[in-house]
Amino acid sequence: MTTSATPQPAPRPDTRVVPQNLDRIAVDGIELEYRQIGRREEWAPTLVFLHEGLGSAGLWRDFPDRLCQFTGCGALIVSRQGHGHSAPLPRNSDGEVDPDPDYLKHEADVVLPRVLDRFGVERALFMGHSDGGTIALMFAAQHPRRTIGCIVEAPHVMVEDITVRGIKRAGRAYASGDLKNGLAKYHADPEGVFQRWYRTWTHPSFIEWNMLNRLPQISCPVLGIQGEEDQYGSFNQLTTIRDSIAGTTHMQGFKNCGHTPHGEYPELVIDSILKFLPKCR
């Protein structure tokens with residue numbers, strides 16, 4: 001595990017631009033919000049951005065643009081169902097969104113391959129944050145020929161106590177109104193997004209969830225990035241990936257950093273990715 005050297009620059013104020021040019025496309029009859037960035041270099045791969053549990057295409061803000069500018073890559077940024085302005089998640093008879101212990105598997109095994117097919121992306125370099133990192137790794141295990149590499153920030157390969165504690169704190173913030181108001185800026189249905197995420201990860205049966213059986217099947221290079229002060233996971237996630245996959249790994253820890261390294265230290269994340277890219281063939 002490599003930890004970024006101290007002293008480290010303070011996180012910069014969040015002045016990132018939220019993209020306005022988001023479009024919608026139907027995948028298996030479900031409309032998904034998306035954004036594309038054209039590649040600057042003909043040889044460069046497509047970066048597929050997979051957002052976190054409460055994220056969306058818009059919540060990546062301008063990070064995809066900056067990364068594409070430095071790498072010459074093109075990008076596909078998609079909001080999963082229920083997120084951003086994609087089609088809402090289904091409700092039960094009480095008007096609520098049920099927990100779904102299989103949602104990560106469904107996104108990796110069913111939705112993501114169809115999204116790539118819909119956009120004509122044969123092979124991709126994945127950039128996944130939190131849930132998105134998990135989905136990228138699960139996809140890579142099943143589709144090695146379609147995966148150039150995985151860049152995963154704060155991924156989950158198992159449930160930790162710190163994860164559940166962090167999500168319960170988020171539940172209190174949502175009940176107070178602060179988090180709900182923040183989510184409403186980016187999601188058409190913030191209640192549905194939060195209910196599915198919170199109820200799934202805090203459900204007693206979900207504590208045993210993991211994707212450990214898939215890790216040995218991952219043969220692509222993996223860059224793992226984790227904040228030392230991440231409230232939703234520990235370095236155990238990255239060391240488990242490092243010790244289990246068949247592909248090469250580089251694991252990068254950031255001091256004084258929480259759950260969103262690309263938002264807190266974008267320059268350092270981009271620098272780590274630029275050093276990682278030559279390993280992806």
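Trainee: What counts as a salt bridge here?
Mentor: A salt bridge is a side-chain nitrogen of Lys or Arg within 4 Å of a carboxyl oxygen of Asp or Glu. Please note that this is a predicted model.

Trainee: How many salt bridges does the structure hold?
Mentor: The structure holds 13 salt bridges. One of them pairs Glu267 with Arg66, with the closest N and O atoms 3.5 Å apart.

Trainee: Where do Glu267 and Arg66 sit in the chain?
Mentor: Glu267 is in helix H9 and Arg66 in helix H1, so the pair links distant parts of the chain, 201 residues apart.

Trainee: Is Arg66 buried or exposed?
Mentor: Arg66 counts as buried, because its relative accessibility is 18%. Glu267, at 42%, counts as partly exposed.

Trainee: At what angle do H1 and H9 pack?
Mentor: Helix H1 (residues 63–71) packs against helix H9 (residues 266–276) at about 40°, and their axes are 11 Å apart. That angle makes H1 oblique to H9. The crossing is right-handed.

Trainee: Which residues make the contact?
Mentor: H1 contributes Phe63, Arg66, Leu67, Phe70 and Thr71, while H9 contributes Pro266, Glu267, Val269, Ile270, Ile273 and Leu274. By class, eight are nonpolar, one is polar and two are charged.

Trainee: Changing topic, which residue does Lys180 bridge to?
Mentor: Lys180 forms a salt bridge with Glu191, at 3.6 Å between the closest N and O atoms. Lys180 lies in helix H5 and Glu191 in helix H6, so the pair ties together parts eleven residues apart in sequence. Lys180 is partly exposed, at 36%, and Glu191 is partly exposed, at 27%.

Notes. Residues numbered from 1 in each chain as written. Predicted model: local features only at pLDDT ≥ 70, side-chain atom pairs only at ≥ 80, totals over all residues. Heavy atoms only, no water. Axes fitted to C-alpha atoms, helices over the stretch in contact; angles between N-to-C directions. Helix = DSSP H or I, 4+ residues; strand = E, 2+ residues; numbered from the N terminus. Parallel < 35°, antiparallel > 145°, perpendicular 65-115°, else oblique. Left-handed = near helix turned anticlockwise from the far one by under 90°. Contact = heavy atoms within 4.5 Å. Nonpolar A, V, L, I, M, F, W, Y, C, P; charged D, E, K, R; others polar. Buried < 20%, exposed > 50% of the residue type's maximum accessible area, 1.4 Å probe, protein only.
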